[in-house]
Amino acid sequence: MVTIHLPIKRIRLRIPKDLYQEPVISRLVSNYGLTVNITAAILGANAVGDSWFDLKLQGKFIASEGIVIRAITG
């Protein structure tokens, strides 16, 4: 059996109010095949200003700069 270790990256993702209804994290999974672990978050009504997520991403595409921006904006 061969074990493949995919890159892991930790990020803080800020989501402005105008994107609250968008499936931002779902797009990271479906468009890029990433594994996403939410390690912390402030959402919606509890947030002052934008919401944010601390994420641990794992997958072959995370080495590319700007992948999160492309995933959010489509």
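Good morning, colleagues. Please bear in mind throughout that the model is predicted.

I begin with the overall composition. The protein contains two helices and three strands. Read from the N terminus, these elements follow the order β-α-β-β-α. The protein has 74 residues, and buried residues account for 28% of them. Its accessible surface amounts to about 5,200 Å², and carbon and sulfur atoms contribute 54% of that area. As for the contacts, consider those between residues at least 6 apart in sequence: 64% of them connect residues at least 24 apart.

I turn now to the sheet. In what order do the three strands lie in the sheet? The order is β1-β3-β2, the sheet is open, and the pairing is antiparallel. Strands β1, residues 8–15, and β2 are the edge strands; each has a single partner strand, so one side of each lacks a neighbour in the sheet. From one strand to the next, the twist averages 25°.

Let us take the two pairings in turn. Between β1 and β3, the latter covering residues 51–58, there are eight bridges, and the two strands run antiparallel. Ile8 is placed opposite Gln58 of β3, and Arg10 has Lys56 in β3 as its bridge partner.

Is strand β3 mostly covered or mostly uncovered? It is mostly covered, since six of its eight residues are buried.

Ile38 belongs to strand β2, which spans residues 35–42. Why does Ile38 count as partly exposed? Its relative accessibility is 44%, and the partly exposed class lies between the 20% limit for buried and the 50% limit for exposed. If neighbours within four places in sequence are set aside, Ile38 is in contact with Ile25, Phe53, Asp54 and Leu55. Ile38 may also be related to Ile11: the two are 27 residues apart in sequence, and their C-alpha atoms are 10.0 Å apart in space.

Finally, the aromatic rings. How many aromatic pairs does a search of the whole structure find? The search returns zero. A charged group does, however, sit over a ring: Arg12 lies over the face of Trp52, at 3.9 Å from the ring centre.

To summarise, the sheet has the strand order β1-β3-β2 with antiparallel pairing, and six of the eight residues of β3 are buried. Thank you for your attention.

Note on methods
Residues are numbered from 1 along each chain as its sequence is written. This is a predicted model: local features need pLDDT of at least 70, side-chain atom pairs count only at pLDDT 80 or more; totals for chains, interfaces and linings use all residues. Side-chain values use heavy atoms; hydrogens and water are left out. Rings of Phe, Tyr and Trp (its six-membered ring) pair if their centres lie within 6.5 Å; planes under 30 degrees apart count as stacked, over 60 as edge-to-face and the rest as tilted. A charge sits over a ring if NZ of Lys or CZ of Arg is within 6 Å of the ring centre and within 35 degrees of the ring normal. Helices (H or I, at least four residues) and strands (E, at least two) are DSSP runs, numbered from the N terminus. Buried means under 20% relative accessible area, exposed over 50%, partly exposed in between (1.4 Å probe, protein chains only). Contact means heavy atoms within 4.5 Å. Accessible areas come from the Shrake-Rupley method with a 1.4 Å probe; for residues, only the protein chains shown count as cover. Two strands pair if DSSP finds at least two bridges between them. Axes are lines fitted to C-alpha atoms, for helices over the stretch in contact, and angles run from 0 to 180 degrees between N-to-C directions.
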